[in-house]
Amino acid sequence: MNQTIETILKRRSTRSFVKRPLDREELKMIVDCALHAPSGMGRQTWKFTIVENREKIQRLARAAGEALGREGYDMYDPEVLIIPSNEKDSPFGMEDNACAMENIYLAAESLGIGCVWINQLRTICDEPRIRGILNEFHIPENHVVYGLAALGYRDDTVIGPKERTGRTEYIR
Ligand SMILES: Cc1cc2nc3c(=O)[nH]c(=O)nc-3n(C[C@H](O)[C@H](O)[C@H](O)COP(=O)(O)O)c2cc1C
């Protein structure tokens, strides 16, 4: 089995992180992999905002928790967020960003870095407090965040394989 397929097959979401800064070169490699994802018509209308400040991450998480009525929500207290955003009226924005998210997941897995998809912002991006924080992060006003990646080194929790129940059928 080649390394790419091995990484795809063993990738799992991580929801428990240790408090240790990520290697910046590795973080930049992960972001570069996001930039190399496919995008509809190659338009690349996305932006990737990397938040490497735990306090700022928690401010966003708290605001999201309050908007969603989930007190104490902390996005699993990660070391870093990669926030892919895209133009609200891009016809491919959601798909493009999902492709980038998968590249982030796989690049992180290949480097031994934990990652989980956080879906909570998509419906609340334009709530004033959330938009205020997105503005502070220089995320364009006309951008939406569909999903974002929380990253960090995994704690010792063993994550085994997950049963895959999706159906397949080959027609010959
Ligand atoms: C569109 C999408 C939204 C997701 N949202 C969340 C989320 O908000 N919080 C979370 O903990 N995991 C989230 N996940 C991760 C899934 O729960 C996870 O991929 C799934 O349970 C399979 O587990 P695995 O990633 O370990 O293979 C999301 C995944 C996708 C693709």
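At 23% relative accessibility, R59 counts as partly exposed, a class that lies between buried (under 20% relative accessible area) and exposed (over 50%), judged with a 1.4 Å probe and protein chains only. The structure is a predicted model, in which local features need pLDDT of at least 70 and side-chain atom pairs count only at pLDDT 80 or more, while totals for chains, interfaces and linings use all residues. Residues are numbered from 1 along each chain as its sequence is written, and side-chain values use heavy atoms, with hydrogens and water left out.

R59 forms a salt bridge with E136, and the closest N and O atoms of the two are 2.6 Å apart; a salt bridge here is a side-chain nitrogen of Lys or Arg within 4 Å of a carboxyl oxygen of Asp or Glu. R59 belongs to helix α3 and E136 to helix α5 (residues 128-136), so the pair ties together parts that are 77 residues apart in sequence. Helices (H or I, at least four residues) and strands (E, at least two) are DSSP runs, numbered from the N terminus. E136 is also partly exposed, its relative accessible area being 45%.

In the whole structure, 10 salt bridges are found. One of them joins the side chains of E79 and R54, with an N to O distance of 2.4 Å. This pair links distant parts of the chain, as E79 is in the loop between α3 (54-68) and β2 (80-87), R54 is in helix α3, and the two are 25 residues apart. E79 counts as buried at 10% relative accessibility, whereas R54, at 22%, counts as partly exposed. Both residues are members of a network of salt bridges that links K19, R54, D77 and E79.

A further salt bridge is made by the side chains of D126 and K88, at 3.0 Å from N to O. Because D126 lies in the loop between β3 and α5 and K88 in the loop between β2 and α4 (93-110), the pair ties together parts that are 38 residues apart in sequence. D126 is partly exposed, with a relative accessible area of 47%, and K88 is partly exposed as well, at 40%.

The ligand has 13 residues around it, of which R12, S13, R15, Y76 and R164 come nearest; a residue is counted as near if one of its heavy atoms lies within 4 Å. These shell residues divide into 5 nonpolar, 3 polar and 5 charged. Strand β3 (residues 114-118) gives the most to the shell, with 3 residues.

A polar side-chain atom of R15 lies 2.7 Å from a ligand oxygen atom, and one of Y76 lies 2.6 Å from an oxygen atom of the ligand. At W117 a backbone N or O atom lies 3.3 Å from a nitrogen atom of the ligand. On its own the ligand has 620 Å² of accessible area, and the protein covers 69% of this; accessible areas come from the Shrake-Rupley method with a 1.4 Å probe.

I8 is placed in helix α1 (residues 3-10) and is partly exposed, with a relative accessible area of 43%.

How values were computed:
Polar contact = N/O pair within 3.5 Å; in protein donor to acceptor, adjacent residues only side chain to side chain. Nonpolar A, V, L, I, M, F, W, Y, C, P; charged D, E, K, R; others polar.
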